[in-house]
Amino acid sequence: MMMTKIKILGSTPEELAASNSSASLHTAVMDERILNNFNDSLIGRLWELLCCSSSFVDSMKDEMQTLYAELRFLRSILREHHAMMDEQNEKIGALLGEAGIIIFSPTLSRVIEGEVSFSGSTQVLDFCDLLANIKHFKDQISGSSTIQSLPNSSHSLRAPEVSQTSSRMLSKGKMPIAREIMVGLDDEAAKVIERLIWGSEQVEIVPIVGMAGLGKTTLAKKVYNNISVTCHFHIRLWCTVSQEFNMKSLLIQILCSNEKQSRMDEELKKLNEHALLEKLRQRLLKNRYLLVFDDVWDIEVWNELRTAFPNDKNGSRIIFTSRFSNVASDSKVQYGGEPHYLHPLSEKESFELLQKKVFGEEEECPQALHELGMEIAKKCRGLPLALVVVAGVLATIEHDICVWEEFAESFTLTMVSGADQCKKSLELSFEHLPYHLKECLLYFAAFREDEKIGAKKLMCLWIAEGFVEIIEGEKSEDVAEKYLMDLIGRNLVMVGKNRSIGGVKTCYIHDLIFEFCKGKAKEKKFLQVLRGYDELSTFNEPPNLPRLSICSSGKDFMKSKLFCPCLSTLLFFDATPGYNKLKLLNISFLFCIYKHLKVLNLEGINLMLKELPAEVESLLCLRYLALRASEMEFIPPSIAKLSHLETFSLNSDETVSLPDSIWNMKKLRHVHVENGVVIPFSSNDNVVENLSNLDTLSTLELYLDKEGENLLRRIPNVRQLKIFNCGKQNRVCCNMSRLECLESLGLGDYGFLGSREHVELSFPMNLKKLSLGNLGLPCSKMSLIERLPNLEVLKLRDRAMEGQRWELMEGGFPQLKVLTLEYESIEKWIEADPDSYDYFPCLQRLKLFGIFNLKMMPACLGSTPTLETIQVAHCGYGVKSLVWEIEEAQEDNYGDVNLKIIIID
């Protein structure tokens, strides 16, 4: 049947509804495109009604919510192309006509305009008739190919009930080996390295190809970090592509991969793709470069980027890791090379890897378990991922022959061939997890594939979700960290970066584990993940939806008009790179719809507000709030009504003022405001309370004087603190020694010029990490820091010190492991007693960045046995000469040592 074309295509929904004739309206909307547009208008209008604060809307909310869900169902039908499309569109057009007459009626229009004092009995009758007609239509098409072709609309995500017997404690038994252990890769690495260093002078792609879970990324990392490779190439860069990629994000990732990302990232986001491509080309020009593209699914990524890779005929190389051999075949791709196929491990190598992951590299498998171990390893069919996941289970169960026999039997029953074995291994590992770790693992599905997730952020989310057991005498963050280390030890989570003072900075999961978690989260009705507008617009919200993670553009998120009033977690990740985030002027709908939220993360949307709306107080259950609002300056006093709030994160370009009511928020544990936060202070002890639970605070703006000192006393248990000194005077007097729990302190200034005449600073003895910037601390006062007995990491940046001579105190820095000097102007850095060896007894890493005037360095560095790495970047030639002298002294003192010198020009 031919679709009837209409002449009033440009008519508004209100004009169509004004005819008050469902027949004429039905004729008007028969065109499929108009049906879609009109239905979207109805959904948007009904969504506005549901967001209204009105007694009339409250009395009809059930009917409105049902109609809203049914209209979204009709939208999913309209988006499917099928044989009965014309006939069904005719029926849908009639239903939409009925709905339009109600939704755009003058009665309901007065509700949106705020006129609410009228009777709505006739409207209720119309709703009931319409809903009955839609139900009849659904009954007619139930079981048809149309319904069967739709995405699963029963996305009920009610969290599984906790078993009364499930233990919330960490698993017993020996902790698995968390560090990366490689078996069977030495020969493979040698072959790849030979292709990188030798061979053609032309640019060449070296594809590492193999099935999922075979260790392609592990091999690429081994090659990338090989000493002969690092010395051969001037520039090494790394990026992870994945199945879905954004070109601008990928370029930023490449350009930031060997720099200080926090400094470069924001600047690069302001550039368009063309400018980024040119920036990359200029970086690589005339240099011998190595670039790794990890997890490539389609050669299109190379086709879009290849203009940025100059062929200077100097032996530059590009590595692809991929499951597909055709992504870089030499016959189809510019610079393409012969694939290096990665094969499964042998039975002997499989058992070796299993044994090392379970028992460690120094201990062997007990003889009684040897045969069972060989049998289990064999069943993994040489797949490293399957082996390490299974090892994660074996390491946490009792090392008893009966227990292992039972495990081997259950493992054998699930055997399949090929890559599916990894999935079966994951299933088995998942079933062996304690219940609380199952929740924590499935939560990774809420993030993007291959995303390096901040461990602190992840643990705060776990705590807000209620996954972390409250144990008397222990901080929830410490318990959460044990959970994370347990998952890492079980080889289900991988470490991205380590913190300089110990612990994990970022973490991620293998893409196979990510897919497993997504599927399992949906199956267990634990979490729904929506990607892009197609999934957003056709998603039919089930009742009692607990958690929703959305990755799309902000515009698509708003256009979708989601209505999930029972939602407890909403996470939004912007799919638009750079600064092109949706700018939103009104977020009142959040407070009207999502009143049961415990977790709200909207950092992917830029709220164009100077003050957080006072209506935020309606989210009474909120525990975690993360927002991006570039112009925000004020937080209303009503935020104190969020009595359960634990984490507050705000990314603003302005200094943000918190209300004095913040002192009454007893459960507040983490406050992070990007550009700076001001907290009001009253000296009246009867009025101002302490934030005794506060664990982290950044970035606090205060004066380093007695008043600032008194304010700091109000946060007695803080462990991580970042401060900007507001004072411009040349006096600094602040006693911080009472912050006995403080482990990490960042102390900066907006740009004090000159040297401080009077400095009285006292730091807590437990301090492990100290970062100073722009402080102008006289070199003569560095002894204040050198005396700290537990300091492990010291970073001095941007004129943190003032003076030309830094004389090290004998016996100072007893525990220092990492020292960074960046843009400091000192000329002489020497020991007080050159004949003493009591300097830097634990130093492992020295980083010099932007140092030009340095003429003398401590001779003791040449005899520091713990020194592993000296990194020099953008420094003068004289500094490089001093570093080479240290290297020579180390060789004279210790022979063939492992001191690594890294110089970046």
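Buried means under 20% relative accessible area, exposed means over 50%, and partly exposed lies in between (1.4 Å probe, protein chains only). This is a predicted model, in which local features need pLDDT of at least 70 and side-chain atom pairs count only at pLDDT 80 or more, while totals for chains, interfaces and linings use all residues. Residues are numbered from 1 along each chain as its sequence is written, and side-chain values use heavy atoms, with hydrogens and water left out.

Start with the salt bridges. The term covers a side-chain nitrogen of Lys or Arg within 4 Å of a carboxyl oxygen of Asp or Glu. The whole structure holds 25 of them. One links arginine 195 to glutamate 204, with 3.2 Å from N to O. Arginine 195 is partly exposed, at 21% relative accessible area. Glutamate 204 counts as buried, at 19%.

A second salt bridge joins the side chains of glutamate 278 and arginine 281, at 3.3 Å from N to O. Both residues lie in helix α15, three residues apart, about one turn of the helix. Helices here are DSSP runs of H or I with at least four residues, strands are runs of E with at least two, and both are numbered from the N terminus. Glutamate 278 is partly exposed, with a relative accessible area of 31%. Arginine 281 is also partly exposed, at 27%.

Stay with α15, which spans residues 273-284 and includes leucine 284. Is leucine 284 buried or exposed? Leucine 284 counts as buried, because its relative accessibility is 1%.

Glutamate 431 is partly exposed, at 42% relative accessibility. Lysine 438 is buried, at 17%. Elsewhere, salt bridges with shared partners connect Lys475, Asp478, Asp695 and Arg719 into one network.

Now take helix α24, residues 476-489. The helix has 14 residues and reaches 20 Å from its first C-alpha to its last. That is close to the 20 Å expected at 1.5 Å a residue, where the expected span is 1.5 Å times one less than the number of residues. Why is α24 described as largely enclosed by the rest of the structure? The reason is burial, because 10 of its 14 residues are buried. Among them are Val479, Ala480, Leu484, Leu487 and Ile488. The buried set also includes Glu477 and Asp486.

Patches are made of residues with over 30% relative accessible area and no salt bridge, where like charges are joined within 9 Å and nonpolar side chains (Val, Leu, Ile, Met, Phe, Trp, Tyr) within 5 Å. Accessible areas come from the Shrake-Rupley method with a 1.4 Å probe, and for residues only the protein chains shown count as cover. For charges, Lys and Arg count as positive and Asp and Glu as negative, with His and the chain ends not counted. Each charge is placed at NZ of Lys, CZ of Arg, CG of Asp or CD of Glu.

Glu371, Glu375, Glu405, Glu406 and Glu409 form a surface patch of negative charge. Two elements give two or more residues to the negative patch: α18 (367-379) and α20 (401-413). Helix α20 supplies the largest share, three residues. Glutamate 371 sits in α18 and counts as exposed, at 68% relative accessibility.

Tyr877, Trp884 and Ile903 make a nonpolar surface patch of about 310 Å². Isoleucine 903 lies in strand β32, residues 900-904. Isoleucine 903 is partly exposed, with a relative accessible area of 30%.

Finish with the backbone. Which peptide bond is cis, with omega near -10°? The bond runs from serine 698 to threonine 699. Threonine 699 is in strand β18, residues 696-702.

Lysine 525 has phi near 55°, a positive value in a residue other than glycine. Lysine 525 lies in the loop between α25 (511-523) and β9 (528-531), and is partly exposed at 36% relative accessible area. Tyrosine 823 likewise has a positive phi, near 55°. Its loop connects β28 (818-822) and β29 (828-831). Tyrosine 823 counts as partly exposed, at 37%.
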